[in-house]
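Trainee: I would like to learn how to read a pocket in a model. Where do we begin?

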Amino acid sequence: MSSSFGQIFRISTWGESHGAGVGVVIDGCPSRIPVSAEDIQRELDRRRPGQSEIVTPRDEADAVEILSGVLDGLTLGTPIALSVRNKDQRSTAYDEMQHTYRPSHADFCYDAKYGIRAWAGGGRASARETIGRVAAGAVAKAVVRALYPEVDVVAWVSKVHEVEAHADVYAVCREAVEGNMVRTADPDAVGPMVAAIKEARAQGDSLGGAVSCVVRNCPVGLGDPVFDKLEATLAHAMMSIPACRGFEVGSGFAAAGMRGTEHNDAFFMDGGKVRTRTNFSGGIQGGISNGEPIVMRMAFKPTATLMVEQETVNDRGEDVTLRGKGRHDACVLPRAVPIVEAMAWVTLCDHLLRQRVADVMPRG
């Protein structure tokens, strides 16, 4: 089972939803990068359950412990191990799911592939696995910022079900996003989004939506042509997030309805710097960053666990019905925002370190 991502800055997450704990091992992190438990905890607090009335009430502090790789606030250049203990797991809520496959969950597929699964809470298929990603993202952010302090990544909820947020992609600030429980950049959308999530929860239902993300001040030259295009690696990172069902960069699917004369980003000189007058490419051309903001949008499906009766089958091949139990998000979008940012930081960090290796290799 692959639980690793990245080539030079490589992360490997571990742990199950209702096991003793979850975490990540980071290999390839440069030495002498300032990293503290407080920096990592700040990001984990944005992801953790129980932070507002519209997310799962599971009571977890998600307190991180740095087990290795950091000394006196500086990375050692050795593997960094980060651990978070599970404190509020309630496996008994999943007793019925031990032999019954939950609709649209990974239960059946895991059994078919491995012949065994951690049935309580979904095990590795649970979004609790993303704790390791967010922790790794905090370290990746520290590495990138140490090399390029001006780089920034901001994500926000741009759609909940049928409610669209309207915001200037290039002007969105983190303070505005973190200032509301939905983590949207449009203050006019907060009320309708909260109302939609609460209504779905009251009905035992769930909602999908979209998260947008912008990377500002990305250095020119990150990414490799052909298979390791920057947008391809970002797509890999984002599509590996639980519940993510779609990815687009720049104009995305809208490009299918445009003419080349509309879509091409004209170059111009701006104080000795090459710029583009439009950004339909989304900051990436030929698989390589061009210095313009990288703009992405990810679609997330409705939460699969529903508090209503559904048809399914069990591991004996019998048709049965099942009603969801346990504590779950009626909409994953607010807590997906820090996960999206984390995977963006990890991807940028890996490509940045790969580029530094290429720069020092002899040419010709």
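Mentor: With the term itself. A pocket is an open set of grid points with protein on both sides within 12 Å along at least five of seven lines. Rolling a probe the size of a water molecule over the atoms shows where empty space is left. Keep in mind that this model is predicted.

Trainee: What volume does the second largest pocket have?

Mentor: About 170 Å³.

Trainee: Which strands each supply at least two residues of its lining?

Mentor: β8 (152-160) and β16 (294-300). β16 gives the most, with 3 residues. The lining includes W156, S158, V295, M296 and R297. H166, S212 and E248 are also among the lining residues.

Trainee: How does the lining split by class?

Mentor: It has 6 nonpolar, 4 polar and 2 charged residues.

Trainee: Now a single residue. Is S206 buried or exposed?

Mentor: Check the relative accessible area against the cut-off. Buried means under 20%. S206 has 8%, so S206 is buried. S206 sits in the loop between α5 (187-202) and β10 (209-216).

Trainee: What does the side chain of S206 reach?

Mentor: The backbone oxygen of T303, at 2.7 Å. Beyond its neighbours within four places in sequence, S206 also contacts A200, P302, L306 and A330.

Trainee: And the whole protein? How many helices and strands are there?

Mentor: There are 8 helices and 18 strands. The radius of gyration is 21 Å, close to the 21 Å from the globule rule for 364 residues, so the protein is as compact as a globular protein of that length. Of the 364 residues, 50% count as buried.

Notes: Residues numbered from 1 in each chain as written. Predicted model: local features only at pLDDT ≥ 70, side-chain atom pairs only at ≥ 80, totals over all residues. Heavy atoms only, no water. 1 Å grid on protein atoms, 1.4 Å probe; cavity = no way out; pocket = protein on both sides within 12 Å on 5 of 7 lines; lining within 4 Å. Points joined across faces, edges and corners; volume = space filled by probe spheres on them. Helix = DSSP H or I, 4+ residues; strand = E, 2+ residues; numbered from the N terminus. Nonpolar A, V, L, I, M, F, W, Y, C, P; charged D, E, K, R; others polar. Buried < 20%, exposed > 50% of the residue type's maximum accessible area, 1.4 Å probe, protein only. Polar contact = N/O pair within 3.5 Å; in protein donor to acceptor, adjacent residues only side chain to side chain. Contact = heavy atoms within 4.5 Å. Rg over C-alpha atoms; globule rule 2.2 N^0.38 Å.
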